[in-house]
Amino acid sequence: MLTATMATKLNDQINREFFSAYLYLALSTEAEESNLRGTASWFLAKHGEEMAHAMKMVRYLLDQGASVKLEAIEAPPSKAGAILAMFERTLEHERMVTASINDLVDHALTAKDHATNIFLHWFVTEQIEEEATVNDILGRLRLFGDKGEGLLMIDNELGAAAKVMAQALAQASAAATA
Ligand SMILES: [Fe+2]
Ligand SMILES: [Fe+2]
């Protein structure tokens, strides 16, 4: 059984995951409006991943007999304006999420809540991967350029990566409902 504080903190995290999904949906539409089809697919796949993160936490609260409290989701910020800014915004956001996951782990450890601590390990690992991926994309944009052929190449790469992400997500959700 979770403490009331832990349940509140997990509910807050559910809201952050839904906000992440909303943020990436906004960036996906911005990319598509800028004719960056691969980038749009990548952010749409991220949107799907963040929805899955939120649902994982919803499932955990229900399995632990805790109450799920859904709050209003904040509107995403206005358009980033350029592809570099889109990924800079993504990195900044993921760093904030990493800090909030770490805070949840700290709390689970202090409360000797072993179940929640173990549950959160998946998220700790996921955040390492997410930050690394976005750092890599930013590095490639800075190296090969955020316009012209360099941008076209990276946009194509992001489109290919989006397909892999979407497939992995579909497999995970099929496994979760099997
Ligand atoms: Fe997430
Ligand atoms: Fe994320």
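Because the model is predicted, local features are taken only at pLDDT of at least 70 and side-chain atom pairs only at pLDDT 80 or more, while totals for chains, interfaces and linings use all residues. Residues are numbered from 1 along each chain as its sequence is written, with chains lettered from A and ligands numbered from 1 in the order in which they are written.

Helices here are DSSP runs (H or I, at least four residues), numbered from the N terminus, as strands are (E, at least two). Two packed helices are described by the angle between their axes and the distance between the axes. The axes are lines fitted to C-alpha atoms, for helices over the stretch in contact, and angles run from 0 to 180 degrees between N-to-C directions.

The crossing of α1 and α2 is left-handed, meaning that the near helix is turned anticlockwise from the far one by less than a right angle (clockwise would be right-handed). Sorted by class, this contact has 18 nonpolar, 6 polar and 5 charged residues. Ala, Val, Leu, Ile, Met, Phe, Trp, Tyr, Cys and Pro count as nonpolar, Asp, Glu, Lys and Arg as charged, and the others, Gly among them, as polar.

In the loop between α1 (4-33) and α2 sits Asn35, which has a positive phi of about 65° despite not being a glycine. Asn35 counts as exposed because it has 9 other C-beta atoms within 10 Å; the cut-offs are 20 or more for buried, 12 or fewer for exposed and anything in between for partly exposed, with C-beta atoms placed from the backbone.

The expected span is 1.5 Å times one less than the number of residues. Tyr60 belongs to α2 and is partly exposed, with 18 C-beta neighbours inside 10 Å. Beyond its neighbours within four places in sequence, Tyr60 is in contact with Leu10 and Phe119 (C-beta atoms, placed from the backbone, within 7 Å). Just after α2, Gly65 takes a positive phi of about 70°.

Helix α3 (residues 83-110) packs against α4 (residues 114-144) at about 160°, with the axes 9 Å apart, so α3 is roughly antiparallel to α4. This crossing, too, is left-handed. By class, the contact of α3 with α4 has 17 nonpolar, 6 polar and 5 charged residues.

The 28 residues of α3 should span 40 Å, and the end C-alpha atoms are 41 Å apart, which agrees. Buried in α3 are Ile83, Met86, Phe87, Thr90, His93, Glu94, Val97, Ile101, Leu104 and Ala108. What covers these residues includes α1, α2, α4 and α5 (148-177). Lys112 lies in the loop between α3 and α4, and its phi is positive, near 55°, in a residue other than glycine. Lys112 is exposed, with 7 other C-beta atoms within 10 Å.

Technical notes: Parallel < 35°, antiparallel > 145°, perpendicular 65-115°, else oblique. Contact = placed C-beta atoms within 7 Å.
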